[in-house]
Amino acid sequence: MATRQGSPRSLGRLSEIAQVAARHGFGYFLGRNRRGGYGAERDLDGTSDRGRRLREMLDELGPTFVKFGQLLSTRPDVVPPDIVAELRRLQDDVSPLPYAQVREVVQADLDLTLDQAFLEFDLTPIASASIGQVHRAVLPDGREVAVKVQRPAAPTQIEADLGLLYQAAKLLRERVRALEFMDPEEIVNEFARSIRLELDYGHEARNAEIFHRNFARHDGVVVPRVINRYSTGRVLTFEYLRGTKVADLDVAAMPPDERREVVTRMADTWMTMVFRHGFFHADPHPANIFVLEGGELGLVDFGQAGKLSDEDMARLTRLFVDAATENIDAIPRRLRDLGVRYAPEREEEFRAELRTLFDRYYGSRLADIDPLQVIREAFALIYSMNLRLPSRFVMLDKAIATLASVGTEVDPDFNVFEVARPYARGLLIERFHPRVLGQRARMEALALGSVARELPYQMSDVLERLRDGTFQVKVENPGIDQLDEHIDQASNRLSVALVVAGGLVGSSIVGVFADEGPTVMGLHLLSFLGFVLSGIFGVWLVWGVLRHNRL
């Protein structure tokens, strides 16, 4: 349960965040400047090290904020490229959980004592993160396993920090004019959904089973099987992988051919996920990939996974064809079909930027193109155009960018495009194979046949309603009610203005031509009353205009 806003604990945490932000040079966000004031403008002119300072601030604030920074690093549509590059360096490493708490969680969830559940259970974890940590163990049947145990305080702490992130999002939306094109609360919502899924180890177990099934016949990739009997919502037990994390490889001591083999197999694995399975591991950082003793790749940590539908793949194929043939005019439309959103009035500017990007690499060999540089330039274009990316493609972008970064760390000559090319070519051939086209034509024909079959009945219904006089056409426009309200307001104000003008003119005429009768301040009584009433209506009219900021 989230910490209640305004509670002493919440206020204390807010104070801590304010102090940390000020220490890292972001204190002006918390000042009392108005929207678009000095603090907001200062952020626009942030120095070149703003990404580093933000990364260090999030790291100091703790695990939830580290994970939020990791999410932001996957959003080049809302975060500047220099900050994206820095936030990708955030690591989710925390101090290990005391063994007594680990034992308590395992025994409570498995309804067994630790000695009953395992023959061996290592006291020291082999990995530790903000949500849970992993211990090596041995089952009663002798199988070696890895047991992932959730921190008991993780859900409470995460919900409390989410409440603070929502407050921060509201503050940014109100005070930073540069962020008007985005919705900070929507980003926090996305993060909340993501991290709550990570809290559900059942979700990770289901992902792991899909990956295990997809790679069951793949000799070069090993996905550990989930041991369901020893897995719950807070405890997850896998087969143990014996090997070396890519993060722990002694790259300098490895022969070039061996380094090339590792990164090629990594890229091959993720291309298979994306282009063949449509279901991919979205977090391929070097601690989640093992090089096993037999040379295979081992995959772990399946909390973040992306899924692409057949329609997504078809649209991606069309986009790839247009990109490969340099049909730049069609690319914005292809991206729009994929769910990418941008301001319609900026479409020509978008095409011009794409032409510039294509011209920069025109005629270059694929092996000569730096994929990280291309990704950075693409991020810069996404941010400058304020493009909105669908979440499934944000995850795909994150996976490919992380893979490219890890690959170049192991082998500086690695080029992910070279590995992706045969998969993309195979995908093109598969998508346009006569058999596939025939199946697609058959499905379209069946759909059109269904429409044709229903059409006479629908026309009959329309004609019957026309004959009975019950046919209605309803037009909905989200802004029409507001427009009608504005017209009513304008009409009312115009009427009052005419009354005021008439009262002033009438009172003036009475004052000029009336010779007899009582007077007030040298004016005829009727003229005086007319001026007073007109003045009252005039003041009321001006006050109403000012109140609605419609001067």
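The dialogue below goes through ring pairs and their surroundings.

Author: This is a predicted model, where local features need pLDDT of at least 70, side-chain atom pairs count only at pLDDT 80 or more, and totals for chains, interfaces and linings use all residues. Residues are numbered from 1 along each chain as its sequence is written, and side-chain values use heavy atoms, with hydrogens and water left out.

Reader: How many aromatic pairs does the structure hold?

Author: Rings of Phe, Tyr and Trp (its six-membered ring) pair if their centres lie within 6.5 Å; planes under 30 degrees apart are stacked, over 60 edge-to-face, the rest tilted. The structure holds seven such pairs. Take phenylalanine 118 and tyrosine 230: the planes meet at 40° with centres 5.8 Å apart, so this pair is tilted.

Reader: Which parts does that pair tie together?

Author: Phenylalanine 118 is in the loop between helix 7 (114-117) and strand 1 (120-121), and tyrosine 230 is in the loop between strand 5 (221-222) and strand 6 (235-239), so the pair joins parts 112 residues apart in sequence. Helices (H or I, at least four residues) and strands (E, at least two) are DSSP runs, numbered from the N terminus.

Reader: Is phenylalanine 118 buried or exposed?

Author: Buried means under 20% relative accessible area, exposed over 50%, partly exposed in between (1.4 Å probe, protein chains only). Phenylalanine 118 is buried at 3%. Tyrosine 230 is buried at 12%.

Reader: Which residues form a cluster through ring pairs?

Author: Tyr99, Phe118, Phe121 and Tyr230 do.
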